[in-house]
Amino acid sequence: MKKVFEGVKFQENWAKSRTKRTSTSVEAYAADSSNIFESKYRAKFESPGLESNLPEKNFGIIEKIHHIFGKRGAPTLEIGGHPDFKHLENTNQLQYGYAVSFFLDIKGSTKLGLIYTPEEVFFIKNTIIKCAIEAIQAFDGHVHRIMGDAVLAFFRGRGESPENAAIDAINCGTYLIEFMKQIVIPTLQEGNIHEDVGIRIGADYGPEKSVLWGMYGYKGASEVTATSFHVDAAAKLQQKAPRNRMMIGQSLKLLLDLHPDVIENRYKISNGERKTLKYLTPNYTDSSQSKINYEQYVISHKNYFDLLPVPESQNSQIIISAVVSPDKEIQSSTEYVACSRSISKPYNIKFKAKFKTTPIHPVDNLVVKFRVENHGEDASKVDSPPYANHETPVKPTFNQHDRSYLAYQWERIEFKCLHYMHVSVLLNDTTIIPEHKFALYVK
């Protein structure tokens, strides 16, 4: 993770922000800020009309995330409205269109203002907000609005599918939370900031006929934005989220058929007892005066983050990769990066496991075990074997060029949900490399 956010230079520049305050003028601070965000990994995105005295540098997060997740195409760098509904500007037209709403705010920033100078608070908040903007853009989201220490974004998966929009939003939130845990919080503590600074994220999916886009206001004082229960729900989920956690609504959970390994209930401790908070509050009544009972969930951060690709994955004992093809006999195939997008069923996926051993063992003594772990409602209908779970032993081949072993396994994609392929290596029936997990979404 540190490789993804290394362009931030948070620790070095926190020291600068504390020691170089020779002037409190706006000009002096702007000059200091332009140095703060220097990075040899920066990409220069030209912005027509941008004031020449404003920095045009970024942290290089977009390029790194695109590389890790196998994303293609240039991100949308503008902020405000939404490019898919730009044609609604200065019109009375309305249009329905699905969206995953994504709210993020900085928790604890108000207290910072009571302890530290405005310049120091600005540096901390602006660095976090800038990283959030780049991460959102890297995961194909669109930043709709910045509200002080909060950000509203919409994910529409480049028009590919609602499932991909939802996956991008969850992956983005998970990466940002890990950024806070690994980089921001330790660095602030080294700078003698021991306040509980963190972020909270809320997200929910609004289906096609549930999100209405249109222009609010008048010509010259207007904004094209979305109107939906699910937009409001995402905002409330963000407000209810624990520090450095992400909460999602029932609609998003059902869209991906997420299982208990990656989501959990929110709870509170009352009179020494743990009480589950199953529904989003306030629990409004609908037009029939019935409680809506809209379910809320917390992303199980560590479990989910461990599924995502990171630069450090290349140092793993086993490197697992995959390609997707409509038919095993067809030569053309598309690479699939773990947890990066949803795959349509019925497709075929070919898993490749590459590993090394010390010392080198005869191929005949080695077995690579591919173990399928399915989840979700579709797979639950299979009784034998349960969830269609199974394992396959495969004899590896030895590559003389780089002294590595390779093993391949084809599987048929049949069930909607988030599924796992576990890969381990056995030597004479004894495990020498424990199971490594590869996760894939199916829609």
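## Charges over rings

Lys-437 is placed over the face of Tyr-420, at 4.4 Å from the ring centre. This contact, like everything described here, comes from a predicted model. A charge also sits over a ring elsewhere, where the charged end of Arg-156 lies over the ring of Tyr-98, 4.7 Å from its centre.

## The open sheet and its helices

Seven strands make up an open sheet with mixed pairing, and their order is E3-E4-E2-E5-E8-E12-E9. At the edges are strand E3 (141-147) and strand E9 (263-264), each of which pairs on one side only. Strand E2 (residues 99-107) and strand E5 (residues 198-206) run antiparallel and are joined by nine bridges; Leu-104, for instance, has Ile-201 in E5 as its bridge partner.

Two helices can be described against these strands. Helix H5 (residues 118-138) lies across E2, E3, strand E4 (150-155) and E5, and runs at about 155° to E3. Helix H7 (residues 229-240) lies across E2, E4, E5, strand E8 (245-249) and strand E12 (296-299), running at about 155° to E5.

## Aromatic pairs

A pair of aromatic rings is described by two values, the distance of the centres and the angle of the planes. Searching the whole structure gives twelve aromatic pairs. One of them is the edge-to-face pair of Phe-69 and Phe-139, with 5.0 Å centre to centre and 75° between the planes. This pair links distant parts of the chain, since Phe-69 belongs to helix H3 (residues 61-69) while Phe-139 is in the loop between H5 and E3, 70 residues apart. Phe-69 counts as buried because its relative accessibility is 4%, under the 20% cut-off, and Phe-139 is buried as well, with a relative accessible area of 0%.

The rings of Phe-351 and Phe-438 have their centres 5.7 Å apart and their planes at 85°, so this pair is edge-to-face. It too links distant parts of the chain: Phe-351 is in strand E16 (residues 348-355) and Phe-438 is in strand E22 (residues 430-442), 87 residues apart. Phe-351 is buried, at a relative accessible area of 2%, and Phe-438 counts as buried at 5% relative accessibility.

Returning to Phe-69 and Phe-139, these residues form one aromatic cluster together with Tyr-175 and Phe-305.

## Cysteines

How many disulfides does the structure hold? A disulfide is a covalent bond between the sulfur atoms of two cysteines, and the structure holds zero of them. Among its cysteines, Cys-172 is buried, with a relative accessible area of 0%, and Cys-339 is likewise buried, with a relative accessible area of 0%.

Terms used:
Residues numbered from 1 in each chain as written. Predicted model: local features only at pLDDT ≥ 70, side-chain atom pairs only at ≥ 80, totals over all residues. Heavy atoms only, no water. Disulfide = S-S within 2.5 Å. Buried < 20%, exposed > 50% of the residue type's maximum accessible area, 1.4 Å probe, protein only. Pairing = 2+ DSSP bridges. Helix = DSSP H or I, 4+ residues; strand = E, 2+ residues; numbered from the N terminus. Contact = heavy atoms within 4.5 Å. Axes fitted to C-alpha atoms, helices over the stretch in contact; angles between N-to-C directions. Phe/Tyr/Trp six-rings, centres within 6.5 Å; stacked < 30°, edge-to-face > 60°. Lys NZ or Arg CZ within 6 Å of the ring centre and 35° of its normal.
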